[in-house]
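The sequence and model are shown first, and the description follows.

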Protein chains: 2
Amino acid sequence: MHVDDLVTPALLVERGALRRNLDTMSAALPGTRLRPHVKAHKCTSLARWQRDNGHPGFTCATIRECEVMVEHGLGGDLLLANEVVDASRLGALVRNGARITLAVDSRETIAAALRGNVLEVVIDVNVGLPRCGCPPEKAGELAELARRNGLEVRGVMGYEGHLMMVRPEEDQRRMVRESMEKLVAAAREVGGELVSAGGTGTYRLNEWATEIQAGSYALMDSAYAELGHPFEQALFVLGTVISVSADHAVVDVGLKALGMDHGNPTIPGAQVWFCSDEHTTFAPGALKLRVGDRIRVVPAHVDPTVAYHEAMWLVDGEQVAERWAVDMRGW
Amino acid sequence: MHVDDLVTPALLVERGALRRNLDTMSAALPGTRLRPHVKAHKCTSLARWQRDNGHPGFTCATIRECEVMVEHGLGGDLLLANEVVDASRLGALVRNGARITLAVDSRETIAAALRGNVLEVVIDVNVGLPRCGCPPEKAGELAELARRNGLEVRGVMGYEGHLMMVRPEEDQRRMVRESMEKLVAAAREVGGELVSAGGTGTYRLNEWATEIQAGSYALMDSAYAELGHPFEQALFVLGTVISVSADHAVVDVGLKALGMDHGNPTIPGAQVWFCSDEHTTFAPGALKLRVGDRIRVVPAHVDPTVAYHEAMWLVDGEQVAERWAVDMRGW
């Protein structure tokens, strides 16, 4: 199939770029040094490529992601890097043989793990991003509570998400070190083998974590692309030009095909004006566009873009190689 | 079922508020004066309520929306208020008895209507929003071209989307008049009975259109709520508080459950700090929150919020009345 035969908007993944991104990361962080985060792609076909690249364990953000990974035989070592109050669906996965480790950061979430019959947890530590995670000095106490109640505590996690885009890199390195020193101190109190942290923005310089939870590196977006990582843009939203006026043109890729929290998408060679539900209006610049032309739109943020689409199309340039379901959407 | 039994995040629709919103709009714009836009809710169950309120025709933004409306017996008079380059799926609906009217704004989109065997069109006119639509002075010529090729031209459409949120209202009224005078002039050249325009932001003062394409009024969002319309917030995203710290709390409603192009959602009584993929971090203010509490998050923009969810739950306060599939997602 040719890309011109796809209904637009369509999520495209360049196979070669994806392959190279996965290989680059697997060379830097081989085997269990990387625990790929599936939230960035929500696609078990892509996760299978990551597993085949030598990474047996995965990070998930939702219970649904865990369920679908298990259903596709990818449930050998899943870390749900998020707190939940009802863990019963996770317990059901464990009973059926999956290995699920759940993040906990409070007495209440430890109680939820117990009620739900999850057997293994990590203590989630706040390392500077104001989100989930206990204060570092409370981690030991929570681990103790969890163990006293029969849970296996595998270690700690702490996400330095506020530092992913810090520049210059020397500032980032210093700030990541300060952040990770908190996590390492907590890990000493907690025990266990896991110190899970990091992301695509810090994978090169986070030497303190035993494993890195990167996800965006596989597909990339325009926000990460500005930071000079060795990953290529593999993700595009293919659109059809549906209207051309004197000073602007319109492509049928809109708010419902793009994560917008990082701002407007980009169109190489053109200037984006604004997005509507089903349109992006742009000044075509030097592009000579006609109604019916196909163009590629580069999303500003990969994760919420992918979550709008039923499928991604693996392509080699203009040739469509395969349809991959975005099968981990929803909750 | 009680709302506490729902998996979160969950899209809630307050049945009473929805009922009143529909009735208020139907009283202001009865029968064919309103052509409800389904893009705001993407839900045939909700569209059926609109039809039962006396509105036989609907506005759609995508081919998929048309297909699903037809499949559910709601295809009596659908206006696809958007340009397409491949109209063959629409032609198939027409062949099976649906009435589909397609927007065209160029020779190319007229050719697409012909190739796809769509029988009826409206001329889409640019009334000031730089998006689709021909220049007003070209509308007559395009109508002539369409008719010469055998298409039925039902009239014009033109969306004054750039004026939905203008305040004070006297400025808005003047600007809408100027915008609609262009459309009315084009309509005189084009002929036909339809002058289709407007939205929730201008429904009260657009006296020039024969029909108004409003959609947001049914469910509402925080952006429209600020404008003083007589519609109530009917849409909420229910979340579970999963972490509570000294100065902030976290609810499991994130970027993938919220349209973010109008900015952060609101949490009544609290102050939202930021959203992550599966979290909103906020200062709880006077709310006394504990892990496990359920709270309602109000989206800033209704359309792209709904498009992330598989279903909406019709509720009466804490009681769940019905599950409505968001069955018009995708393309």
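The structure is a predicted model.

## Overall form of chain A

Chain A contains 9 helices and 15 strands. Its radius of gyration is 21 Å, close to the 20 Å that the globule rule gives for 331 residues, so chain A is as compact as a globular protein of that length. Along the principal axes, the C-alpha atoms of chain A fill a box of roughly 70 × 45 × 35 Å.

## Burial, surface and contacts

Of the 331 residues in chain A, 62% count as buried. The chain exposes about 11600 Å², of which carbon and sulfur atoms supply 48%. Among contacts in chain A between residues at least 6 apart in sequence, 64% join residues at least 24 apart.

## Annotated domain

An unreviewed UniProt entry lists residues 234-316 of chain A as "domain: D-serine dehydratase-like". This span is 6% helix and 41% strand, and its end C-alpha atoms are 11 Å apart.

## The setting of B:Thr59

In chain B, B:Thr59 belongs to strand β2, which covers residues 58-60. B:Thr59 has a relative accessible area of 0% and is therefore buried, the cut-off for burial being under 20%.

Leaving aside neighbours within four places in sequence, B:Thr59 is in contact with B:Arg35, B:Pro36, B:His37 and B:Val38, and also with B:Leu79, B:Ala81 and B:Gln213.

Definitions and conventions: Residues numbered from 1 in each chain as written. Chains lettered and ligands numbered in written order. Predicted model: local features only at pLDDT ≥ 70, side-chain atom pairs only at ≥ 80, totals over all residues. Heavy atoms only, no water. UniProt positions renumbered as here; feature names shortened; annotations may be inferred. Helix = DSSP H or I, 4+ residues; strand = E, 2+ residues; numbered from the N terminus. Rg over C-alpha atoms; globule rule 2.2 N^0.38 Å. Buried < 20%, exposed > 50% of the residue type's maximum accessible area, 1.4 Å probe, protein only. Contact = heavy atoms within 4.5 Å. Areas by Shrake-Rupley, 256 points an atom, 1.4 Å probe, with all protein chains shown as cover.
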